[in-house]
Amino acid sequence: MSGKFDDLPEQRRRGLERMEEVYGFEMTDGEGDFFGYTADHLFADIWERPGLTDRDRRLLLIGLLAGTGGADVLGIQVPAAHANGELSEAELREIVIFLCHYAGWPQGARLNSIVEETIAKARRERS
């Protein structure tokens, strides 16, 4: 069976396929060095390294993003973690409570909004 990225170099193909797995949505090839490093290095290499599960990586990333105010990327990572079955509703809510005490209440409140929006959207889609 032919894949939609088969005409791309191997590294880019692997990166784009992994991006789709991690993010949970369709990807297309992009332009420029930033996109190239993201697809070819971060996703084709770093997300594929042994030693950590996707759930482990996601937990680390969510903690880092909450601590640094990365709400825009949290808006991608939290829904993807939930949709991929890596983090349940209860686990996401527990992460919020835990991180509020380390990242600060304003950062935790932003994360809470993203978590609750994620949960509400998933429940609507199941109905």
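A nonpolar core is a set of buried Ala, Val, Leu, Ile, Met, Phe, Trp, Tyr and Cys residues joined through side-chain atoms within 4.5 Å, where buried means under 20% relative accessible area (1.4 Å probe, protein chains only). This is a predicted model, in which local features need pLDDT of at least 70, side-chain atom pairs count only at pLDDT 80 or more, and totals for chains, interfaces and linings use all residues. Residues are numbered from 1 along each chain as its sequence is written, and side-chain values use heavy atoms, with hydrogens and water left out.

The largest nonpolar core has 16 residues, of which Ile62, Leu74, Val78, Leu111 and Val115 touch the most other members.

The largest share, five residues, is supplied by α5. Another core, of 10 residues, lies apart from this one and includes Met19, Tyr23, Met27 and Trp47.

The axes of α5 and α6 (lines fitted to C-alpha atoms over the stretch in contact, with angles from 0 to 180 degrees between N-to-C directions) are 8 Å apart, at an angle of about 170 degrees. α5 is therefore roughly antiparallel to α6, a term for angles over 145 degrees.

In α4, the buried residues are Leu74, Gln77, Val78, Ala80, Ala81 and His82. These pack against α1 (10–23), α3, α5 and α6, with contact meaning heavy atoms within 4.5 Å. Just after α4, Gly85 has a positive phi of about 75 degrees.

Key:
Buried < 20%, exposed > 50% of the residue type's maximum accessible area, 1.4 Å probe, protein only. Helix = DSSP H or I, 4+ residues; strand = E, 2+ residues; numbered from the N terminus. Parallel < 35°, antiparallel > 145°, perpendicular 65-115°, else oblique.
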